[in-house]
Amino acid sequence: MKISTRGRYGLRAMLDLAVFSGGEHVALNAIAERQNISENYLEQVFSILRKAGLVRSVKGAQGGYILAVDPAQVTVGMILRALEGELAVVDEKNAGEGVENAMLSCLQTNVWNPINASLNKVADSISLQDLADAFNKINAAPMYYI
């Protein structure tokens with residue numbers, strides 16, 4: 001599975017929102033500027049995230065976006081599923097009988113299903129709060145000058 005630009009940018013934008021919102025609304029242009037992502041593209045991404053119930057929007061001069069759910073309750077899997085659909089590397093469908101379908105079934109059961117399960121387990125085990133904490137730790141690392 002390859003995560004699309006929408007999924008990658010959406011995850012970055014959600015992390016940006018978790019790190020920089022401080023409980024306040026964040027203007028989309030501020031996220032776009034920090035992440036070097038087109039504001040028009042982010043509008044499309046945030047429309048999907050809003051429909052999924054992950055962010056709320058406020059219109060007006062002081063408007064912007066804010067997380068709709070506590071970042072500890074939002075997982076990478078939730079964000080990626082909202083933007084990408086089901087997280088699966090392959091989903092073979094058997095069409096009947098025969099050697100070909102037996103092989104497809106064998107591969108689905110013994111290869112693709114375990115990979116899909118692992119992918120979903122990892123994506124669901126990482127919260128937005130985990131990522132924000134990791135970012136803050138990396139960003140606060142002391143600088144050494146020679």
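Visitor: Which are the buried residues of α3?

Guide: In this model, which is predicted, the buried residues of helix α3 are L42, V45, F46 and L49.

Visitor: What makes these residues line one face of the helix?

Guide: When α3 is seen down its axis, the buried residues fall within an arc of 100 degrees, so they line one face of the helix. On the other side of α3, N40 and K51 are exposed, and that word is kept for residues with over 50% relative accessible area. The buried residues are covered by parts of the chain that include α1, α2, β1 (55–58), β2 and α4.

Visitor: How do you know that the reach of α3 is close to what is expected?

Guide: Helix α3 has 13 residues, and from its first C-alpha to its last it reaches 18 Å, which is close to the 18 Å expected at 1.5 Å a residue.

Visitor: Why is S38 said to cap the N-terminal end of α3?

Guide: A side-chain oxygen of S38 lies 3.3 Å from the backbone nitrogen of N40, and since a polar contact needs such atoms within 3.5 Å, the value passes the cut-off. After the helix comes G53, whose phi is positive, near 80 degrees.

Visitor: Why is F46 called buried?

Guide: The relative accessible area of F46 is 0%, and buried means under 20%, so F46 is buried. Y65 has a relative accessible area of 14%, so Y65 is buried as well.

Visitor: What makes F20 and F135 an edge-to-face pair?

Guide: By the rule for aromatic pairs, the count comes to three. One of them joins F20 and F135, whose ring centres are 6.3 Å apart, with planes at 65 degrees; the cut-offs are centres within 6.5 Å and, for edge-to-face, planes over 60 degrees apart, so the pair is edge-to-face. This pair links distant parts of the chain, with F20 in helix α1 and F135 in helix α6, 115 residues apart.

Visitor: Why is the pair of F46 and Y65 called tilted?

Guide: The planes of these rings stand at 45 degrees, with the centres 4.6 Å apart; planes under 30 degrees apart would count as stacked and over 60 as edge-to-face, so the pair of F46 and Y65 is tilted. F46 lies in helix α3 and Y65 in strand β2, so the pair ties together parts that are 19 residues apart in sequence.

Visitor: How do you know that D16 is buried?

Guide: D16, which is found in helix α1, has a relative accessible area of 2%, and the cut-off for buried is under 20%, so D16 is buried. Leaving aside its neighbours within four places in sequence, D16 is in contact with S21, I31, R34 and Q35. Q35, placed in helix α2, has 18% relative accessibility and so counts as buried.

Visitor: What makes the buried residues of α4 line one face of the helix?

Guide: In α4, V76, G77, I79, L80 and L83 are buried. Seen down the axis of α4, these buried residues fall within an arc of 160 degrees, so they line one face of the helix. They pack against α1, α3, α5 (99–125) and α6.

Notes. Residues numbered from 1 in each chain as written. Predicted model: local features only at pLDDT ≥ 70, side-chain atom pairs only at ≥ 80, totals over all residues. Heavy atoms only, no water. Buried < 20%, exposed > 50% of the residue type's maximum accessible area, 1.4 Å probe, protein only. Helix = DSSP H or I, 4+ residues; strand = E, 2+ residues; numbered from the N terminus. Arc of directions from axis to C-beta. Contact = heavy atoms within 4.5 Å. Expected span 1.5 Å × (residues − 1). Polar contact = N/O pair within 3.5 Å; in protein donor to acceptor, adjacent residues only side chain to side chain. Phe/Tyr/Trp six-rings, centres within 6.5 Å; stacked < 30°, edge-to-face > 60°.
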